[in-house]
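Hi,

Here is the structure I promised to pass on. Have a look at it first, and then read on for my notes.

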Amino acid sequence: MSAVSARHQLKKGTVGKWLLSFVRFVVIFGLAFIIIKPFIYKTLMAFMSPDDLLDSTVHLVARNPSLYYWQRAWEGLNLSQTLPNTLFLSLGVAVIQVLSCTMIGYGLARFRFLGNKILSAAVIVIILVPYHVISIAQYLGFVYFGIGNFTINLVDTFWPMLILAFTGLGIKEGLYIYLLQQFFRSIPLALEEAAYIDGAGTIRTFFQVMLPNARTMMMTVFLFSFCWQWTDSTYSSIYFNELPVFANTIESFYIRVGLNADMLGTNITRNAMAILIIIPLLVLFGFGQKLLVKSITLSGMAN
């Protein structure tokens, strides 16, 4: 009787696990569909021809597939200018943010000094406070950048973004500092103590002991920083009026083509431009997905 009861309990537990797995699959699939639905919709619309847009019987699947809007998007991006500028800016900002955030995060995590808790709280404030609150002050600071009577206008150059990245005030930089701070806190103190016993100083310990252990997290910060800068429209619209990058090229597309009667076609072209821009990022995240999950786990945020 006990053997039959055990088999019954085992079968009941197996059914429960299958049911739970099915519910989990439905929820995850539903969330994934909600996320990728706009992307699929915009992609299918971009393959339509102008005649399909005027045909009320055509909904999503083009009756006469065409690359017309993709061609307009390719020409509208002006890749000969926007691609080098965006690539240089994204790489430069990403490298500087990784270096500055790593040093700031390590200092806040490992050194106890007067004002440590205040600075740690300031990192959280940087994450929470909307950029628009300080955008005007920062913009004027770069328009009249200098000391005393000597000022220079840095707008329409790469310098504002590079300076903000170096000083810890760049795009999402508070989040990067927090990630690295939590990661360094999770590393045992015994590693540093062993290095100090062997005669290594603070700087040598940082570069030879801590940085090799932080490579995964640093690479994740680099990916985040690169991707956010690649698609940034907030900072780009403020500091780049004449300097063409991907984000402000899309934003100014209406002005360049003119507000004509073909508003739907113009919107589809802009959507196609956005898709072309994010394709390299999708490929990049496809290769870095495991690294990203691993680094978030190591940072302690998953606990």
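Below is what turned up, going from the whole chain to single residues.

Please keep in mind that this is a predicted model.

**The chain as a whole**

The chain has 303 residues, and 38% of them are buried. Its secondary structure consists of 15 helices and 2 strands. Taking the contacts with a separation of 6 or more, 70% are between residues 24 or more positions apart.

Helix α1 covers residues 2–46, and Phe25 is part of it. Phe25 is also one of the residues in a nonpolar surface patch of about 1,000 Å².

Beyond its neighbours within four places in sequence, Thr43 is in contact with Trp70 and Ile275.

How many salt bridges does a search of the whole structure find? The search gives 1. In that salt bridge Arg110 is paired with Glu192, and the closest N and O atoms are 2.3 Å apart. Arg110 sits in helix α4 (residues 79–110) and Glu192 in helix α9 (residues 189–197), so the pair ties together parts that are 82 residues apart in sequence. Are the two partners buried or exposed? Both Arg110 and Glu192 are buried.

Apart from neighbours within four places in sequence, Ser100 is in contact with Ala165, Phe166 and Glu173. Gln81 is in helix α4 too, but is partly exposed, at 41% relative accessible area. Which residue lies 7.7 Å from Gln81, C-alpha to C-alpha, while being 164 residues away in sequence? That is Val245.

**Helices α8 and α11**

Two packed helices are described by the angle between their axes and the distance between the axes. For helix α8 (residues 173–186) and helix α11 (residues 215–230), the axes come within 10 Å and cross at roughly 170°. An angle over 145 degrees counts as roughly antiparallel, so α8 is roughly antiparallel to α11. On the α8 side the contact is made by Leu175, Tyr176, Leu179, Leu180 and Phe183. On the α11 side the residues are Met217, Met218, Val221, Phe224, Ser225 and Trp228.

**Strand β2**

Ile152 is in strand β2, which covers residues 150–152. This residue counts as partly exposed, with 43% relative accessibility. Leaving out neighbours within four places in sequence, the contacts of Ile152 are with Phe142, Val143, Tyr144 and Phe145. The C-alpha atoms of Ile152 and Phe142 are 7.9 Å apart, and the two residues are separated by 10 positions along the chain.

**Two residues with positive phi**

Most residues other than glycine have a negative phi. Asp156, however, has a phi near 70°, and Lys172 has a phi near 55°. Where are these two residues found? Asp156 is in the loop between β2 and α7 (159–166), while Lys172 is in the loop between α7 and α8. Asp156 is partly exposed, with a relative accessible area of 24%. Lys172 is partly exposed as well, with a relative accessible area of 43%.

Happy to talk any of this through when you have had a look.

Best wishes

Definitions and conventions:
Residues are numbered from 1 along each chain as its sequence is written. This is a predicted model: local features need pLDDT of at least 70, side-chain atom pairs count only at pLDDT 80 or more; totals for chains, interfaces and linings use all residues. Side-chain values use heavy atoms; hydrogens and water are left out. Patches are made of residues with over 30% relative accessible area and no salt bridge: like charges are joined within 9 Å, nonpolar side chains (Val, Leu, Ile, Met, Phe, Trp, Tyr) within 5 Å. Accessible areas come from the Shrake-Rupley method with a 1.4 Å probe; for residues, only the protein chains shown count as cover. A salt bridge is a side-chain nitrogen of Lys or Arg within 4 Å of a carboxyl oxygen of Asp or Glu. Helices (H or I, at least four residues) and strands (E, at least two) are DSSP runs, numbered from the N terminus. Axes are lines fitted to C-alpha atoms, for helices over the stretch in contact, and angles run from 0 to 180 degrees between N-to-C directions. Angles under 35 degrees count as roughly parallel, over 145 as roughly antiparallel, 65 to 115 as roughly perpendicular and the rest as oblique. Contact means heavy atoms within 4.5 Å. Buried means under 20% relative accessible area, exposed over 50%, partly exposed in between (1.4 Å probe, protein chains only).
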